[in-house]
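Subject: Structure handover

Hello,

Here is the structure we talked about. Please open it first, then read the notes below.

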Amino acid sequence: MPLGTLALADFLDRHGYSTRIIHTGIEQLQNRSFKIEDIFKEYSPTVVGIDLHWFVHSYDAVRIAETVKEYSSAKVVLGGFTASYFAEEILSRFNSVDAVIKGDAEEPLIQFMRERDRDLQEVPNLVYKEENIIKKSEKRFIADEAFLSKLDYTRFELLLNCENYFRLTTQTGDLDPQPWKVRVKRHAWVPMGRGCSVNCSYCGGGLDAQCLITGRDKPIFHPKEKVVETLRRFMEMRIDSTYMDFDPYRDRRHHLELFEMIRKEKIDISSEFLLWSPSNRGFITEFAKTFNPLYSSLVISPESGSEEVRQKNKGFCYDNKTLFDWLNDAKRESVPVKVFFSSGLSWETKENFNETIKLGKTILENYPVIEMVSNPLVMEPASKRYLNPEMFGVKLKWKSFMDYYGRFKRLAEGIPEDSRIGYETSWESEREIIENSIRFNKMVSST
Amino acid sequence: MSQYEIDLRLPVDIWRKAPFMLVGPDIRFLPLGVLVDSIHHGDKQLPRITPLVLSKICSNGLKQDVVFCFIFLYINDRYERVMLMTHPVKIGSVNHEALEALLKEIFRIAGLLECQIVEVELNDLVEGSVAFPTSFSSISHDVEVAEMIKSDLEVFHREGFREWAEVECFEHKVHELERGLDETIRSQDMLHMTQVKVEDYLKLVSRLGGSKIRSFRLPTWDASDSIMLLNFQLFNNSAYVLRSSSRLGFLKSSECGYLCCVQNLLEPLKTLRTPHVLLFQRLLEAYSFDTMKIMDWGISPVDRLPELLFKATEVMKEKNITNIQFANVSSDQLKVKNLLYELGFKLIHRVKLLRREVE
């Protein structure tokens, strides 16, 4: 569930619109015979919002939209990055979708609730259908820091079966109900900011993608006071651990000030902090001082063992010496780490990937690693590689929304897919890209 | 409707209230918030360790955590499935009602897991810094600082528990012990302490164990289920055999004792400020420990105990250890205890094990 869903629900609720969030995945885990149409036995919504932030939900979002239309008379609005990028195509293909909010959705959603039977041109960021013609509002809404301070991400009571949400979501946000694992912590995400300052070749949320999708041309932080308030509420809700993933600048003064405020407020919570580039030792020391060590860790994604490949693909570039200096600092400060790699980067050959395996093995043998994995990169809409495939030596297999929709529809129906990652590169085929990650992960499990 | 509710959770504030560490396969998983260690019994695979929190449901519907414990499964030497509950940790205000609610839930879970016996491990006496390991489970709290419930046996007796073991740990300063030992012990040359591999140690203990005065262990079904095994694997150089040579050169030396000792991992737990000390093996190799605990031992005859301890002090001096703890002495091992007291040891930790069958 995208982090912003809670804030959207709260914002609607505070503006007088009775709102519930239903996480269909959790409902299905709770009750194997759950069907989406069951929702309409209990609720009679006038509007159903469906998140289509991550492209992996391309098929499911439309399927839910179709069910909504079949069992209710509600208007269907989509939002999130994938919906925003493919808004026009989605609206032209699927009668079940009435509108898409592109980019920041809080204020537009309120306006939509007010204007839905009147003048949709008044709704900022809206793309909609009117008599089968796709139209776009001229009005724009881009949240600023002042607006972010109004948002509340802690109204979990608006989420049906929220207790299961804390337990069943993993750090990556997936539902992972393996019964042999005893899950012992309650976990939630804390919003830290929006946007990015760089472009990684593979990322659909980089600076240029953000400009394209949301109109945002630089990152903004959630006010520190608001983050501290959110963490305090988390602590009161007995949430043990929080995921922090917003690190747009190498100068981390903002985070250090935040850590100081958290300590001052005596907030006792663990943190899994994803760094977008290696920090200095001071940051790690402050992190270790601030957060309860039980579930705390630092996360970094070098992606490749080859400095050359990393430099050509990552917005925040660093060499292996810098990476090892950071790992040494984490070890000295007794902070466990997670390290993630990828296969399928542009300019990456098999020999380059062997460097990745070698680097991964060295790190695993010498540092306190609690998780290490390589995944084949999947083509993200609006990423640099997607928008400029020739420049990045990529041959796209997924280009339109229907390509993403089709891929995940086949997955849901158990039909073999044509492509699992949506591309191949000039250096490696799709099969080779996938096999590289398999080789890496075999190395991890045998080390 | 009960005003209490149980949850399978390890709240983050347990680290502050009752610092602890785990041994075993979960050392890499615990930071991720999962526990994966399991035991096999019959046709079932069951989680080895489960943390439990009892929460009170307040009048406003909010939940307040009250008390916490781990439950630890093992198979005893009669092939029975046993659930061992660790000494409960106070989170909120714990009264008899809360404890009774906790025990009720414990037995309900024991029934679900088809356990035949529930045991509870209570720290009946703590006088000083008790070295690792502090429990018969694979979870060791720093019992000196842990905010645990009072060791109120009356409540447990009312719930049908009966004591079945009482085990003590003693402490001395290494150099004082050495000084206090008789000159004849210190100067003898017929006894030799040899370091052995853990596998050989376990075989030796298995072979000699019955003939020796030996330390208390949980009576597990087989050695592979032994928590001791998890502890032994932490440091390779932890197992020793005491042999006496014959003055007649053609006779083989005989094994008259053995011991296994481990550095106090609760020291780096405090200084490194992490429960995950075992992830930082390189740091531990360079760590300067103060205390070592002899957690497994055997001797025959018992009069040779001072000699065994003397040899242990030689090992500890090499490692710059200043304090020695001698653990897992059953309360009824009176000769051992008298010898320890004569040598100047002080009692610092007593654990009572209580048990009740599951109906």
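How many residues of chain B are in contact with chain A, and how many of chain A with chain B? The count is 34 residues of chain B against 32 residues of chain A. Keep in mind that this is a predicted model.

**Chain B against chain A**

The two chains bury about 2,900 Å² between them. Carbon and sulfur atoms give 57% of that area. On the side of chain B, Arg9(B), Val12(B) and Leu32(B) supply 22% of the buried area, more than any other three residues.

Three salt bridges cross the interface of chain B and chain A. Look at Asp268(A) and Arg16(B): their side chains meet in a salt bridge at 2.6 Å, N to O.

Which elements of chain B supply at least two residues each to the side that touches chain A? They are α1 (14-17), β3 (34-35), β6 (49-57), β7 (63-75) and α9 (281-285). β6(B) gives the most, with four residues. By class, this side of chain B has 20 nonpolar, five polar and nine charged residues.

The chains also pair through strands. Strand β6 of chain A, residues 182-183, pairs with β3(B) in the antiparallel sense, over two bridges. Within that pairing, Arg183(A) stands opposite Val34(B) in β3(B).

**Inside chain A**

The domain assignment gives chain A two entries: domain 1 (4-136) and domain 2 (184-446). Their centres, taken over C-alpha atoms, are 28 Å apart. In contact are 19 residues of domain 1 of chain A and 25 residues of domain 2 of chain A.

How much area is buried between domain 1 and domain 2 of chain A? About 1,900 Å², with carbon and sulfur atoms giving 74%. Within domain 1 of chain A, Phe55(A), Tyr59(A) and Tyr85(A) lose the most area to domain 2. Together they make up 36% of what that side buries.

The rule finds three salt bridges between domain 1 and domain 2 of chain A. Asp104(A) and Arg194(A) meet through their side chains in a salt bridge at 3.1 Å, N to O.

On the side of domain 1 of chain A that touches domain 2, α4 (58-71), α5 (81-85) and α6 (87-93) each supply at least two residues. The largest share, four residues, comes from α5(A). By class, that side has ten nonpolar, four polar and five charged residues.

**Backbone points to check**

Most residues other than glycine have a negative phi, and most peptide bonds are trans.

- The peptide bond from Phe132(B) to Pro133(B) is cis, with omega near -5°. Pro133(B) is in the loop between β10 (117-126) and β11 (139-141) of chain B.
- The peptide bond from Ser300(B) to Pro301(B) is cis, with omega near -5°. Pro301(B) lies in the loop between β17 (291-299) and α10 (305-318) of chain B.
- Ala382(A) is not a glycine, yet has a positive phi of about 75°. Ala382(A) sits in the loop between β14 (369-376) and α17 (384-387) of chain A.

Best wishes

Definitions and conventions:
Residues are numbered from 1 along each chain as its sequence is written. Chains are lettered from A and ligands numbered from 1 in the order in which they are written. This is a predicted model: local features need pLDDT of at least 70, side-chain atom pairs count only at pLDDT 80 or more; totals for chains, interfaces and linings use all residues. Side-chain values use heavy atoms; hydrogens and water are left out. Domain bounds come from an automatic or database domain assignment. Contact means heavy atoms within 4.5 Å. Buried area is the accessible area (1.4 Å probe) that two parts lose on being put together, summed over both. A salt bridge is a side-chain nitrogen of Lys or Arg within 4 Å of a carboxyl oxygen of Asp or Glu. Ala, Val, Leu, Ile, Met, Phe, Trp, Tyr, Cys and Pro count as nonpolar, Asp, Glu, Lys and Arg as charged, and the others, Gly among them, as polar. Two strands pair if DSSP finds at least two bridges between them.
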